[in-house]
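Me: I have a structure to look through and have not seen it before. Can you take me through it?

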Amino acid sequence: MAYCRKCGSVIDDEAVVGPHCGVEQRIRPAVNDDGSILWGILGFLIPLVGLILWIVWYDSKPKSSKMAGMGALIAILLAVVIWVLLIVFAAVFASTQ
Ligand SMILES: [Zn+2]
């Protein structure tokens, strides 16, 4: 349910113009921006998808965008940390030979 942004009367969710006063309604940011943790998990599992969602949803779904971006960022940081550790271990191992 939505309300006319001028007179406050109840209007249809999809209404473009308020039926009572004829004032154009702002299209609500609306589209189910739940900011679900699932977007974070998806971004974590598939960082490329997370980054794409972060960019695509940046304006339209700020909460979900942030979750997806955070998931991707954590996955990338984790991958970098693992690689650094592997390189350090490899260097230590090589130096002991
Ligand atoms: Zn109105």
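Reply: One term to begin with: a residue is buried if 20 or more other C-beta atoms lie within 10 Å of its own, exposed if 12 or fewer, and partly exposed in between, with C-beta atoms placed from the backbone. With 22 C-beta neighbours inside 10 Å, Leu53 therefore counts as buried. This is a predicted model, in which local features need pLDDT of at least 70, side-chain atom pairs count only at pLDDT 80 or more, and totals for chains, interfaces and linings use all residues. Residues are numbered from 1 along each chain as its sequence is written.

Me: Where does Leu53 lie?

Reply: Leu53 is part of helix α2. Helices (H or I, at least four residues) and strands (E, at least two) are DSSP runs, numbered from the N terminus.

Me: And what is Leu53 in contact with?

Reply: Apart from neighbours within four places in sequence, Leu53 is in contact with Trp39, Gly43, Ser65 and Ala68. Two residues are in contact if their C-beta atoms, placed from the backbone, lie within 7 Å. Leu53 and Leu42 are eleven residues apart in sequence, with 9.9 Å between their C-alpha atoms.

Me: Which other residues of α2 are buried?

Reply: The buried residues in α2 are Pro47, Gly50, Leu53 and Trp54. They are on the same side of α2, because they cover an arc of only 120° around the axis. The arc is that of the directions from the helix axis to the C-beta atoms. On the other side of α2, Leu48 and Ile55 are exposed.

Me: What do the buried ones pack against?

Reply: The buried residues of α2 pack against α1 and α3.

Me: OK, α1 then. Which residues are buried there?

Reply: In α1 they are Trp39, Gly40 and Gly43. Their arc around the axis is only 100°, so they sit on the same side of α1. Ile37 and Leu45 are exposed, on the face of α1 turned away from its buried side. The buried residues of α1 pack against α2 and α3.

Me: Why does Gly40 count as buried?

Reply: Because Gly40 has 22 C-beta neighbours inside 10 Å. Leaving aside neighbours within four places in sequence, Gly40 is in contact with Met67, Ala68, Met70 and Gly71. Gly40 and Ile74 are 34 residues apart in sequence, yet their C-alpha atoms are 9.2 Å apart in space.

Me: How many residues has α3?

Reply: Helix α3 (residues 62-95) has 34 residues. From first C-alpha to last it reaches 48 Å, close to the 50 Å expected. The expected span is 1.5 Å times one less than the number of residues.

Me: Which residues of α3 are buried, and what covers them?

Reply: Ser64, Ser65, Met67, Ala68, Gly69, Gly71, Ala72 and Ala75 are buried in α3. Their cover includes α1 (37-45) and α2 (47-56). As for Ala68, and not counting residues up to four places away in sequence, Ala68 touches Trp39, Gly40, Leu42, Gly43, Gly50, Leu53, Trp54 and Trp57.

Me: What makes up the largest nonpolar core?

Reply: Eight residues: Trp39, Leu53, Trp54, Trp57, Met67, Ala68, Ala72 and Ala75. α3 gives the most to this core, with four residues. A nonpolar core is a set of buried Ala, Val, Leu, Ile, Met, Phe, Trp, Tyr and Cys residues joined through C-beta atoms within 7 Å.

Me: Now the whole protein. What pattern does it follow along the sequence?

Reply: The pattern is β-β-α-α-α, that is, three helices and two strands.

Me: What are the domains?

Reply: Domain 1 covers 1-30 and domain 2 covers 34-97. These bounds come from an automatic or database domain assignment. The C-alpha centres of the two domains lie 40 Å apart.

Me: What does the C-alpha trace span?

Reply: About 85 × 15 × 15 Å along its principal axes. Buried residues are 20% of the 97.

Me: One more: where is Arg5 found?

Reply: Arg5 is in the loop between β1 (2-3) and β2 (10-11). Arg5 is partly exposed, because 14 other C-beta atoms lie within 10 Å. From Arg5 to Ser95 the distance is 70 Å, C-alpha to C-alpha, and 90 residues in sequence.
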